[in-house]
Amino acid sequence: MENLGKHVPIPLYFQIKTRLLELIENGQFKPGDQVPSERELTERFSVSRMTARQALTELESQGYLYRIQGKGTFVATPKLEQPLAGLTSFTEDMRRRGLAPGARVLTAQEAPAGKKAAKLLGIAETATIFRLERLRLADGEPMALETSHIPVALCPGLLEADFRDQSLYRILAERCDTRLVKADQSLEAVPATAYDAEMLHVREGTPLLLMERVSRDASDKPVEFVRSLYRGDRYRFTTELIRREESL
Ligand code: 16G
């Protein structure tokens, strides 16, 4: 790596970060490779330990690097690219990438819908919903925390299903002949709470991508309201934009 420009108005930590990023992006550092330590960067670039740390910490929080206590800092596998256009299930998404989908069931219960779910699902607040909270895994690694709400009247008996290795969308189709064909979805960034952080194996405060989705069947009936928290360091959402008319 070349020396830093000490007389340019670009912070030294940022210059180091950019150098490392170039090496990752052009494949000289591959996923799993160890990158130079704080001490090595300090010596190599004649900078303070804090400067070297800041470069590594930013790359870590942006998902390019990960640290193993006592071992060092390594290049992370690239983020999963997920198109926002299609209505797919987690199970389908992971299989398509050649990853093994899995889930840890955190809650599976029947309960009154409550205000928000009732409004979004178009049912009474006192109507019973099936509430399923799952930690979604890809090859055993936590990817998302997902809480689904489904009116029990639309598909009774979900409580008996084993959601550790079964797709909710598949069960809805097979048991209740319910197929989801469209959805409204929002996306926003939120910081990980202590609970999210523990579940998703990230640090508290790490940016997560919160998606809220109401999915409907062919008759336009809302079937599920889902709140999904995706790891911001493992996902990149993509979308195709089409310019429909000029209004300049
Ligand atoms: C996806 C959906 C979620 C759906 C789940 C079903 C997003 C943001 N979320 O994670 O709404 O409930 O898939 O997955 O895309 P499953 O069929 O594998 O249980």
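Predicted model: local features only at pLDDT ≥ 70, side-chain atom pairs only at ≥ 80, totals over all residues.

**Ligand site and disulfide**

Q: Which residues are closest to the ligand?
A: Thr91, Glu146, Ser167, Leu168 and Arg213 are the closest of the 17 residues that surround the ligand. A residue is near a molecule if one of its heavy atoms lies within 4 Å of it.

Q: How far is the side chain of Glu146 from an oxygen atom of the ligand?
A: An N or O atom in the Glu146 side chain is 2.5 Å from a ligand oxygen. For Arg213 the corresponding distance is 2.7 Å, and a polar side-chain atom of Tyr230 lies 3.1 Å from an oxygen of the ligand. A polar contact here is a pair of N or O atoms within 3.5 Å.

Q: How much of the ligand does the protein bury?
A: The protein buries 98% of the 460 Å² that the ligand exposes when taken alone. Those areas come from the Shrake-Rupley method with a 1.4 Å probe.

Q: Which element gives the largest share of the shell?
A: β9, with 4 residues. The elements that each supply at least two shell residues are α4 (90-96), β5 (128-138), α6 (168-176), β8 (207-216) and β9 (222-231). Helices (H or I, at least four residues) and strands (E, at least two) are DSSP runs, numbered from the N terminus.

Q: Switching topic: how many disulfides does a search of the whole structure find?
A: The search finds 1, taking a disulfide as a pair of cysteine sulfur atoms within 2.5 Å. Cys155 is joined to Cys176, S to S 1.8 Å.

Q: Where do the two sit?
A: Cys155 is in the loop between β6 (141-151) and α6, and Cys176 is in helix α6, 21 residues apart.

Q: Why is the disulfide right-handed?
A: Because the torsion about the S-S bond of Cys155 and Cys176 is about 75 degrees.

Methods: Residues numbered from 1 in each chain as written. Heavy atoms only, no water. Polar contact = N/O pair within 3.5 Å; in protein donor to acceptor, adjacent residues only side chain to side chain.
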